[in-house]
Structures are given as structure tokens and as C-alpha cells.
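Have a look at the sequence and the model first.

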Amino acid sequence: MPSATSDDWWRTAVIYQVYPRSFADSDGDGVGDLVGITQRLGALAELGVDAVWLSPFMTSPQRDAGYDVADYCDVDPLFGTLADFDALLARAHDLGLRVVVDLVPNHSSSEHPWFQAALAAGPGSPERARYLFRDGLGRDGELPPNNWRSVFGGPAWTRVPDGQWYLHLFDSSQPDFDWTNPWVGDRFREILRFWLDRGVDGFRVDVAHGMIKADGLPDYLPDPDGGSMGGDEPDVPYWAQDGVHAIYRDWRTVLEEYGPERVLIAEAWVRPLTKMAHWVRPDEMHQAFNFGYLETPWAATPLRAIIDDSLAAFGAVGAPSTWVLSNHDVIRHPSRLALVPPPPQGDGLGPMSPRKPDEVVGLRRGRAATAFMLALPGSAYVYQGEELGLPEVVELPDAARQDPTFFRTGGKLYGRDGCRVPIPWEAEAPAAGFSPSGESWLPQPESWGSYARDAQRGVPGSTLELYTAAIAARRAHRLATGDLEWLASAPDVLAFRSRELTIVANTGSTPVPLPAGEIVVASGPVGEGLLPGDTTVWIR
Ligand code: GLC
């Protein structure tokens with residue numbers, strides 16, 4: 001793997017995901033905002049990350065927490081103004097942090113003026129042709145045009161008063177664009193330029209495997225119970241269609257006009273990895289989230305297999321592999337890894353879940369998993385709050401929940417609110433430092449203060465110190481461009497050599513002999529010559 005220069009900073013980057021509504025609230029309304037992020041960027045520089053990815057902060061009715069955009073080129077008043085964004089970007093760049101923004105091209109909000117115009121203009125109009133309107137089936141068109149299901153549960157079609165139906169792979173407030181209409185591509189090229197001109201370093205592209213649907217929108221048989229983001233089933237007519245690649249080749253040329261340092265990152269739930277690698281061919285995107293890795297249990301054999309497959313598949317197209325354990329859509333990894341097998345994506349956890357994670361086991365395993373991930377060659381993602389060791393919040397009352405998944409499945413799936421609870425900064429402050437008024441759009445658990453940043457900063461053995469030390473050591477030892485060489489090990493143990501370090505992870509529960517040498521990073525206490533279960537060490 002080539003060593004990274006500033007042009008290809010992304011090959012080695014640790015990228016920190018900020019979920020704006022839950023990061024830091026400056027004005028006390030209980031929802032995080034851009035000024036709050038700017039005020040707290042110093043903490044991210046101190047953590048040592050290279051870049052920040054901001055989940056959507058654009059104008060939105062917030063039916064899907066901002067992934068329903070009503071104006072792609074403005075900031076939602078909930079989060080601030082474009083001037084606040086410019087100030088955030090300037091501060092980040094001063095601190096040496098790159099900034100990647102979220103782009104949501106598969107669908108807009110139903111409140112977007114384009115969709116409102118489509119509703120007003122009626123069947124057959126050019127305005128409707130920007131979205132996927134169709135006549136229904138049945139005698140009076142009373143049946144949806146096909147049997148597709150929304151990822152959030154329920155049908156993927158909603159009928160409008162004149163009788164036509166529109167497609168929404170997600171919530172009914174998120175109508176899908178028709179990407180075969182060149183008008184849509186023209187608008188998104190303008191949107192890319194709008195943010196590139198402001199100075200952003202790249203885009204995380206939402207649902208980058210969904211924008212093109214199979215010709216004729218054929219039924220998908222067998223009719224699944226509910227939607228999924230794809231990955232498991234082959235040949236779904238709305239996921240991973242070949243036509244998406246022309247869009248990214250086009251976008252890549254737009255980015256290149258701004259020089260080699262701006263990046264495109266795919267959220268593409270595609271299997272197998274050899275197919276996902278198509279998203280990051282040299283003339284398409286720069287990198288893609290490795291969800292196969294995220295979904296791998298904490299166990300030596302499957303981890304080794306997914307790492308080998310990832311390095312081979314991405315390496316074959318000249319792209320770095322990425323590694324990710326948590327984000328705003330999945331159960332926080334300490335809690336997820338404490339459950340064997342993990343609950344499926346989207347299910348979430350709640351008061352009535354049949355299995356509840358053990359917080360102590362989860363934290364130990366989560367720390368070991370992160371220490372292992374940060375030693376792997378390539379680029380790694382960290383989701384806000386994982387550097388504090390936050391667990392999934394399980395005991396959220398139904399009345400507080402906001403994820404459309406919860407409502408569209410009639411509460412059968414808890415959805416994703418448990419990983420979105422505003423994060424704690426200062427143990428003794430109102431809302432644990434999240435908001436000066438003590439407000440918090442999702443209630444924080446009583447125990448949140450014990451995870452606060454100020455309770456961990458400078459405290460030996462804290463999760464924050466582990467993350468900080470591992471990120472620094474990863475850079476100092478240039479592990480992101482290292483060559484991974486597996487070493488023989490006991491069945492539950494993973495051991496590899498990269499540069500001058502030996503990385504050993506014990507995924508089992510029985511202590512194993514610890515190789516001799518100086519310990520550079522340890523995810524937990526290490527005994528005399530023994531590596532306990534659920535622990536990772538880096539040894540020189
Ligand atoms: C992506 C986002 C998720 C959102 C969905 C629809 O998967 O990560 O949060 O709900 O797209 O935009």
C-alpha cells in the first residue's frame with residue numbers, strides 16, 4: 001500500500017462521525033447545533049482524529065433526523081446558519097481537521113419544493129418525472145405499483161390524492177428521486193459544487209447503493225417481511241444496480257476539478273466485498289464503509305476472514321479498506337458485541353427486548369475491539385461517544401422515541417434512538433455538559449455523567465485515554481500503511497505483525513500467554529505474562 005501524502009490523506013485517516021443533534025447544544029434548546037460543534041472541536045483535535053464527518057444539518061423537517069432534506073444548500077435553523085457552518089469549517093481547518101459533509105441523493109424530503117411542485121403539477125408532468133411516480137395496480141389503481149417494502153417497515157409506496165403512487169424506500173416523507181432523469185443529476189452536480197466552493201473536504205454519500213432501480217420496477221420475490229438495507233439477499237431490484245456507477249464517475253470528475261484532496265465516501269450495504277469494491281474503483285468513490293466488518297461478531301475466525309477478504313477486495317481496486325464498529329444506525333458496539341449473536345441491524349434494543357447486554361462485559365469487549373480495529377491497515381471510523389465507552393441506551397421510554405422505524409413497525413422494532421442519545425461532556429454540568437439548559441432531545445440515563453469526558457480526561461485506563469493513545473500510536477508507528485502479517489495463535493486469539501509491533505487480541509474468556517515485549521497499547525488490565533479474555537494489546 002502506498003504511503004499517504006496530503007493528497008491521499010483519506011487512505012490512513014481516522015474519521016470521527018459527529019451526529020449534530022446529539023453532539024453539543026450551544027443555545028439550550030436540547031438539540032445540538034453547529035456553534036456547539038465548533039466550540040467542542042478542540043476535543044477532537046486532542047483525540048487525534050484526522051477528519052470529522054457531519055451527519056446532515058441541512059434544512060429539513062427532521063422526520064428522519066435530517067436524512068430528509070428540504071433544501072440541500074442551506075442550514076436548518078435548528079442547527080444554525082450557513083455563516084455558522086463557515087465558522088465551523090474554518091475552525092476545523094485551523095485545527096488541522098478535514099470536514100466531510102453528508103449528502104442524501106437517493107431521496108429528498110416530501111417538503112422539498114421539488115416534491116411539492118411534483119404534487120401540484122400532476123401526472124405526466126416534468127415535475128413528477130423527477131421522482132418515481134407510477135399508477136397503481138388493480139381496477140382503480142388502488143394497489144401499489146409493486147410489492148417493495150420500506151427499509152423502515154410497511155409498503156414502499158404512498159398514494160397521493162389524484163390516485164398516483166410515489167416510491168419511498170425509507171419513510172413516506174422521503175420520496176425517491178428518479179436518477180434516470182438528467183435533471184436530477186444536474187441539480188446534484190450544483191449541490192456538490194455549492195459545498196466544494198465553501199471548502200468542504202468531501203462527502204459521505206447516503207444510500208449510495210440505492211439510487212438506480214431495475215428497469216420497469218419489477219416485483220421482488222419472495223415478498224420480504226420488511227425492508228433491509230440490502231447486503232444479504234442477491235438481486236434486489238432497488239439495491240446495488242450497475243447504473244449507480246455512472247453517477248459516481250460523473251461526481252468524481254466534479255471533485256477532481258477541485259484538486260486531488262476532496263473525497264467521496266460510500267454508504268453502500270453491498271455483499272460480497274468484491275462487489276462493494278466496485279464503488280471504490282479508481283474513477284469512482286474513494287472509500288466505502290466496511291459494514292461486513294461492522295457486522296462480524298467478536299470472534300477470532302470470522303474476524304480474520306473478513307479482514308483478509310477486505311484487504312484483498314479493496315486492495316484489488318487500489319482502495320484502502322475501511323474499518324467501522326459504530327454509527328448512528330446501529331447498536332453501539334460495546335452493547336452489540338456483548339450479545340452473541342448480535343441483534344439484526346435496525347432492531348435496536350429497548351425495555352422489552354428479550355436479551356439485554358451486560359454493560360461491564362460490553363465495555364471490556366468494545367474497548368478490545370476498538371484497540372484491534374485501530375491497528376489495522378487502512379482508514380477507520382469512530383462514532384461520537386464511543387471514545388467515552390458509551391453503551392446503547394436500552395431503557396428509553398416509548399414516548400421519547402423518534403426513529404421512524406419504531407413508528408412504521410408499530411413498535412416491533414425499537415430502531416436507532418438508543419445510539420443517538422446526546423453525549424456527556426462534564427459530569428456535574430446540566431445535561432452532562434451537552435446543553436447549558438439541561439435539555440436533551442432524548443433523555444440521558446442517570447449514569448451518563450460517569451462516562452463524561454471530564455471524568456475520563458487524563459485518567460489512566462479510561463476509555464478516552466485508550467482511544468487517544470491508540471490513535472497516537474497508530475500514527476507514530478504508521479500502522480495505517482503497515483503490511484499485516486498473521487502470526488500463529490491459540491483458537492480464540494488473533495495475532496498479527498505490522499511494522500515493528502505485534503498486535504494480539506484475545507476474543508475468548510480464558511487468559512492466554514502474553515508475548516514478551518514493551519506494551520504500547522492495552523485495552524484493559526494485563527496480568528503477569530497473561531493476556532486476559534476480551535483484551536487487546538500492542539507490543540513492541
Ligand atoms: C442512511 C442513513 C440513515 C437514514 C437512511 C435514509 O442509511 O445512515 O440514518 O435513515 O440512510 O436516508
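## Ground rules

This is a predicted model, so to speak, with local features needing pLDDT of at least 70 and side-chain atom pairs counting only at pLDDT 80 or more, while totals for chains, interfaces and linings use all residues. Residues are numbered from 1 along each chain as its sequence is written, and side-chain values use heavy atoms, with hydrogens and water left out.

## Around the ligand

The ligand has 15 residues around it, and D64, D206, E267, H328 and D329 come nearest (a residue is near if one of its heavy atoms lies within 4 Å). Sorted by class, that shell has 7 charged, 5 nonpolar and 3 polar residues (Asp, Glu, Lys and Arg are charged; Ala, Val, Leu, Ile, Met, Phe, Trp, Tyr, Cys and Pro are nonpolar; the others, Gly among them, are polar).

D329 has a polar side-chain atom 2.4 Å from a ligand oxygen. For D64, the distance from a side-chain N or O atom to a ligand oxygen is 2.6 Å.

## Aromatic pairs

There are 34 aromatic pairs in the structure (ring centres within 6.5 Å, using the six-membered ring of Trp; planes under 30 degrees apart are stacked, over 60 edge-to-face, the rest tilted). W114 and W183 make an edge-to-face one, at 5.1 Å centre to centre and 80° between planes.

Key:
A polar contact is a pair of N or O atoms within 3.5 Å; within protein, one must be able to donate a hydrogen and the other to accept it, and residues adjacent in sequence count only if both atoms are side-chain atoms.
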